[in-house]
Amino acid sequence: MPFFKYPGRRFRRRREFYSLKTTTSGPLSTTTLEVEKLIRTQRDSCNRKGFELEMKSFLKLLSRYLDQKSRPPTLDWNNVQRLKDEQLAFYDTLPTPANTEPLTKLAVLKLNGGLGATMGMYGAKSALEVKDGLTLLDMTIQQILHTNSTHNIDVPLVIMTSFKTYDDTLHITKKYANQPIGITLFNQSRYPQVTENTYLPCPKSIFDDAWYPPGNGDLFTALDRSGVLDSLLSDGKEYIFISNSDNLGATIDQQILHHMIDSNSEFLIEVTNKTTKDDNGGATVNYEGAVRLIELDQVPPEHAEDFKSAKNFKSFNTNNMWINLKAIKRVINGGEMELDIIEKMVFAENGKRIQLETAAASAIKYFENPQVVNVPRKRFLPVKTCSDLLLIKSDVFEVDKGCLILNNSRTFQTIPTIKLSDHFRNIDHFRKRFKTVPSIIDLDLLTVTGDVYFGRSVTLRGTIIITASEGKRIDIPDGCILENTLLAGNLGMIEL
């Protein structure tokens, strides 16, 4: 039977309450008092109880952050080693599974708390139309629908939203209410930004703007408190595949799932090889004998360039994770999960603000027999920028049942490199500068800098570099074909 689950109908927050006064003391006592005032601005009694739990978690994170500032954790670079053979597998060596039975125990979770702010969007990025009239979220749902219908199973889709993305997500998913897919939405926490020096919360009520979703590391707490974790376990689900909602390459893969099961791994993470533009992603390493994810800001400054070098660390974290659900429950009940803290500075009119976030992949150190699989680049196709969007929208890819497939007509089965300047950064500007998406099926490299506009039915082949001089404009006319071309200066339609 098709089913569609709405939050608040099936899942309820656990009725656990704590006094914030027992959570913190010392320098955070004033912050605690201000947080208690914020709680009182939530007048709905049901929502207020859950909000109080969120604020307790926030104060714990802030307390741990201040403790680390006074005693910074040290990473012994001498103990950072490459992964052992038994910790790392390569995708092309994984055997083809003999049966599909493990799929019946699988759930899929999409991390969908973020906005498309880097692309000038004001709503959920997953609501962005990317291909053939489909949004990012539509494509994910179609992928799972195909899996369910092909194997006659019921892999459910769980979506972690935030207070900023819930409405957009619900609007899209309601279209599939009568389809053979179970969809569950649950909100992650919301934390207040704090002032840089006093660490006092910036918002004065729940209706102010200075709130934020605290990163995807909040996944484990939110999954448990919402009741979704217990429900999945009671439905017989044992494994969950987690990925970012903007990664169109993150599809259900039976080879990886079987490898996780065969290796008795509780936590498997996918990495892929670096390219020239991948110098900031986290790396999985063997640290003191265990698999650990290391981010750039954890690395001693004198080793930062070594860390970013593809020669030393050839791969990076895709944020595609496969985790054992029973293990999640065990780790949460043990109360031992303290994820690495990410500090983000926000610049406001009245001074700097701090956002504290955590990343889910850093939890790998709490799970038994963690594994790493090096996967092809096709499993990492995120839409982070308008350069990514141009690639996905182009004829380089085709859509088959929600999956992106590299066009067979492309001579080389590699993905072209596209670099658009800040003139294309905003989604509205992107749409104005491309009358239609160019044909780039034979493109190797496209670099565009400055005030450039593309006409209809443009074709780009080989290496194309277009640079408009400052204060000048270049117009690529309708129907133009460019191959291995450098354009610079001020070229109008007639001149070209």
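Helix α3 passes helix α4 in a right-handed crossing (helices are DSSP runs of H or I, at least four residues, numbered from the N terminus; right-handed means that the near helix is turned clockwise from the far one by less than a right angle). You're looking at a predicted model, where local features need pLDDT of at least 70 and side-chain atom pairs 80 or more, while totals for chains, interfaces and linings use all residues. Numbering starts from 1 along each chain as its sequence is written, and side-chain values use heavy atoms, with hydrogens and water left out.

To find this pair, look for α3 at residues 136-151 and α4 at residues 166-173, packed at about 45° with their axes 10 Å apart (axes are lines fitted to C-alpha atoms over the stretch in contact, and angles run from 0 to 180 degrees between N-to-C directions). On the α3 side, Leu137, Asp138 and Ile141 meet Thr169, Ile172 and Thr173 of α4 (contact means heavy atoms within 4.5 Å). That makes 3 nonpolar, 2 polar and 1 charged residues (Asp, Glu, Lys and Arg count as charged; Ala, Val, Leu, Ile, Met, Phe, Trp, Tyr, Cys and Pro as nonpolar; the others, Gly among them, as polar).

Now head back to α1 (residues 29-40) and α2 (residues 45-70), which pack at about 160° with axes 10 Å apart. They are therefore roughly antiparallel, and their crossing is right-handed. From α1, Thr31, Thr32, Val35, Leu38, Ile39 and Arg40 meet a set of α2 residues including Phe51, Met55 and Leu62. This contact has 8 nonpolar, 2 polar and 3 charged residues.

Finally, the whole structure holds 2 cavities of 30 Å³ or more (on a 1 Å grid over the protein atoms alone, sets of points where a 1.4 Å probe fits but cannot get out, lined by residues with an atom within 4 Å of a point; points join across faces, edges and corners, and volume is the space filled by probe spheres set on them).

Conventions:
Helices (H or I, at least four residues) and strands (E, at least two) are DSSP runs, numbered from the N terminus. On a 1 Å grid over the protein atoms alone, a cavity is a set of points where a 1.4 Å probe fits but cannot get out, and a pocket is an open set with protein on both sides within 12 Å along at least five of seven lines; lining residues have an atom within 4 Å of a point. Angles under 35 degrees count as roughly parallel, over 145 as roughly antiparallel, 65 to 115 as roughly perpendicular and the rest as oblique.
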